[in-house]
Amino acid sequence: MNTPSLIQIIGATLFGLAVLHTFSTKYFERLAHTQPRHAGIWHLLGEVEVVFGFWAMVLMLFMFGINGKQEATAYLESRNFTEPMFVFAIMVVAGTRPILQLAGSAVRLIAHYLPLPQGMALYFLVLAFVPLLGSFITEPAAMTLAALMLRDTLFSREVSNKLKYATLGVLFVNVSIGGTLTPFAAPPVLMVAAKWNWDIWFMISNFGWKAAIAVLLNAGSAMLLFRRELGHMGARPQDRSGSLPAAVILIHLIFLILIVAFAHHPPVFLGLLLFFLGFATAYQRHQDPLILREALLVAFFLAGLVVLGGLQQWWLEPVLMGMDANAVFFGATALTAITDNAALTYLGSLVEGLSLDFKTALVAGAVTGGGLTLIANAPNPAGAAILKEKFSHNAIQPLGLLIAALPPTLVAVLAFRLL
């Protein structure tokens with residue numbers, strides 16, 4: 001391994017501090033109450049979505065001071081911010097009333113034909129059907145839809161903390177593995193699919209069917225375990241505005257499809273987003289307030305992760321490449337908890353001559369661990385931003401999420417390693 005530069009060491013240190021910070025947001029919220037004079041800054045540092053953006057800013061200050069303006073700006077310009085921008089755009093569109101109404105109607109229609117009580121059927125479908133749908137509408141869109149539907153149904157009344165965290169753990173794991181039916185929906189798959197020539201048939205035969213079994217088992221197990229608390233989910237949410245015109249729903253759907261279709265072309269999908277914002281403004285009577293704040297915070301989080309993650313290759317790559325195919329699966333699952341899973345597979349794509357077993361184990365491990373923490377998978381911050389207000393102190397505790405995500409993660413491990 002090459003000797004790391006001073007900036008690389010600083011970058012790794014700040015990355016470690018950022019990971020610790022995500023587990024310490026409750027401490028900053030406590031400071032906001034004990035030190036009201038500086039409550040503003042403590043509340044800011046207590047926002048999980050701010051963590052990586054804040055430490056990325058610290059990194060850039062070091063870089064400006066040590067390497068100068070030219071190198072610092074060159075580093076920033078070398079980063080690819082397509083994913084944060086796309087997540088922002090897809091969250092705004094997927095979180096609108098017409099899209100939610102359409103998704104809710106589709107889920108209720110399917111639930112009507114399941115031989116289950118309505119509340120249990122809806123809970124199962126939101127945690128199984130919607131994550132699998134993410135293979136086609138992308139994982140960030142699936143996460144946004146599922147989180148908003150849970151917010152407006154299951155979490156519309158007070159439920160136990162066990163149910164809250166178990167639901168979140170299953171949702172995060174299922175979205176992470178549920179996007180593996182296609183080569184373009186899951187960020188860690190997207191990073192390698194083109195280079196390794198993985199098409200949709202390869203994904204379904206090597207990942208998709210195994211992931212689908214795990215998704216169904218996870219959703220079904222959670223449904224049965226908490227069946228006594230799901231009855232109110234079957235009640236139709238109060239319709240504040242009546243039915244929407246079919247033309248309005250269709251136009252929203254077209255915008256959503258086009259943004260997904262051009263997910264790798266920021267000038268196109270950002271242009272579409274601007275047109276969409278104009279349309280939404282012109283027909284405000286058919287809209288709820290757009291989730292712009294939540295989407296911006298999530299984009300800020302992911303952008304900070306891109307900036308900090310760009311300096312971690314010097315230690316991550318040797319760790320990964322020193323493993324065999326079996327070890328890399330479990331290594332990637334564990335490492336994903338402390339770094340974005342797409343970063344792991346991207347590093348793998350840079351290495352030539354890897355065996356097919358190694359490649360599939362790396363990707364399978366990366367998606368398997370994608371629900372363990374907020375930073376493990378790009379869509380996770382989107383779901384957390386939408387649902388955190390339903391948790392005590394308006395915060396999702398990282399340790400609670402980790403514990404809740406372990407059982408569905410184990411199911412995914414068994415599905416990918418035994419099937």
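This is a short talk about the spaces, the surface and a few side-chain contacts in the structure shown above.

Hi everyone, and thanks for coming. One thing to keep in mind from the start is that this is a predicted model.

What is the volume of the largest cavity? About 50 Å³. If you want to find that cavity on screen, select Thr22, Phe23, Ala337, Thr373, Leu374, Ile375 and Pro398, the residues that line it. Sorted by class, five residues of that lining are nonpolar and two are polar, with no charged residue among them.

As for the classes, the lining of the second largest pocket has 22 nonpolar residues, 10 polar ones and four charged ones.

Let me pair Ala342 with Arg285: in sequence the two are 57 residues apart, and in space their C-alpha atoms are 39 Å apart. Arg285 sits in the loop between α14 and α15. With a relative accessible area of 59%, Arg285 is exposed. We'll come back to that loop in a moment.

Next, the surface. Phe136, Phe184, Leu190, Ile200, Trp201 and Ile204 together make a nonpolar surface patch of about 570 Å². Which helix gives the largest share of the nonpolar patch? That is helix α12, residues 200-225, with three residues. Ile200 is in helix α12, and its relative accessibility of 31% makes Ile200 count as partly exposed.

On to the charged contacts. How many salt bridges does the structure hold? There are three, and I'll take you through each of them.

In one of them, the side chains of Arg97 and Asp288 meet, at 3.1 Å from N to O. Arg97 belongs to helix α7 (residues 97-112) and Asp288 to the loop between α14 (266-282) and α15, so this pair ties together parts that are 191 residues apart in sequence. Is Arg97 buried or exposed? It counts as buried, because its relative accessibility is 13%. Asp288, at 25%, counts as partly exposed.

Another salt bridge joins Arg151 and Asp152, with the closest N and O atoms 3.0 Å apart. Arg151 has a relative accessible area of 23% and is partly exposed. Asp152 also counts as partly exposed, at 34% relative accessibility.

Then there is the salt bridge between Glu158 and Lys164, whose closest N and O atoms are 3.0 Å apart. Glu158 counts as exposed at 67% relative accessibility, whereas Lys164 counts as buried at 5%.

Let me finish with two backbone details. Thr138 is not a glycine, yet it has a positive phi of about 85 degrees. You'll find Thr138 in the loop between α8 (118-137) and α9 (139-152). With 3% relative accessibility, Thr138 counts as buried.

What about Asn197, where does it lie? Look in the loop between α11 and α12. Asn197 has a positive phi of about 55 degrees, and it is not a glycine either. Asn197 is exposed, with a relative accessible area of 66%.

Conventions
Residues numbered from 1 in each chain as written. Predicted model: local features only at pLDDT ≥ 70, side-chain atom pairs only at ≥ 80, totals over all residues. Heavy atoms only, no water. 1 Å grid on protein atoms, 1.4 Å probe; cavity = no way out; pocket = protein on both sides within 12 Å on 5 of 7 lines; lining within 4 Å. Points joined across faces, edges and corners; volume = space filled by probe spheres on them. Nonpolar A, V, L, I, M, F, W, Y, C, P; charged D, E, K, R; others polar. Patch = residues over 30% accessible without salt bridge, like charges linked within 9 Å, V, L, I, M, F, W, Y side chains within 5 Å. Areas by Shrake-Rupley, 256 points an atom, 1.4 Å probe, with all protein chains shown as cover. Salt bridge = Lys/Arg side-chain N within 4 Å of Asp/Glu carboxyl O. Helix = DSSP H or I, 4+ residues; strand = E, 2+ residues; numbered from the N terminus. Buried < 20%, exposed > 50% of the residue type's maximum accessible area, 1.4 Å probe, protein only.
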